[in-house]
Amino acid sequence: MPNKIIQKSHINRLTKNKEYNYPYHSSEIGEVEFTRNFNTGYFKELTFKKIKGGGKFGGNYICIELDDEYRISKY
């Protein structure tokens, strides 16, 4: 059984420096590599950690490097 799951996803950046960025959010489509339980995701050089209970701005992941909230969903 594989330890990683690769899934084609929408990656929407919802904040910039913890300030709400919508409707001018950045959006990409790409392959995100998730851990088996979907708690951590990797896209390009970024690492995303799952936000338990949802984020302040409607996101479901937080980027460790940028400290910004993202919504990642299956494409």
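**Notebook: a barrel, a loop lysine and aromatic pairs**

I began with Lys 18, which I found in the loop between β2 (15–16) and β3 (19–20), keeping in mind that this is a predicted model.

Next I looked up what Lys 18 touches, leaving aside its neighbours within four places in sequence, and I noted Phe 57, Ile 62, Asp 67 and Asp 68. I also checked Thr 47, which is 29 residues from Lys 18 along the chain, and the C-alpha atoms of the two are separated by 17 Å.

Turning to the strands, I traced a barrel closed by six of them in the order β1-β4-β5-β6-β7-β8, with antiparallel pairing. The twist from one strand to the next averages 40°.

Last, I searched for aromatic pairs and found three. Phe 34 and Tyr 61 form a tilted pair, 5.9 Å centre to centre with 45° between the planes, and this pair links strand β4 to strand β7 across 27 residues. Phe 34 is buried at 2% relative accessibility, and Tyr 61 is buried at 4%. The pair of Phe 48 and Tyr 70 is edge-to-face, because the planes stand at 70°, over the 60 degrees that this class requires.

Technical notes:
Residues are numbered from 1 along each chain as its sequence is written. This is a predicted model: local features need pLDDT of at least 70, side-chain atom pairs count only at pLDDT 80 or more; totals for chains, interfaces and linings use all residues. Side-chain values use heavy atoms; hydrogens and water are left out. Two strands pair if DSSP finds at least two bridges between them. Helices (H or I, at least four residues) and strands (E, at least two) are DSSP runs, numbered from the N terminus. Axes are lines fitted to C-alpha atoms, for helices over the stretch in contact, and angles run from 0 to 180 degrees between N-to-C directions. Contact means heavy atoms within 4.5 Å. Rings of Phe, Tyr and Trp (its six-membered ring) pair if their centres lie within 6.5 Å; planes under 30 degrees apart count as stacked, over 60 as edge-to-face and the rest as tilted. Buried means under 20% relative accessible area, exposed over 50%, partly exposed in between (1.4 Å probe, protein chains only).
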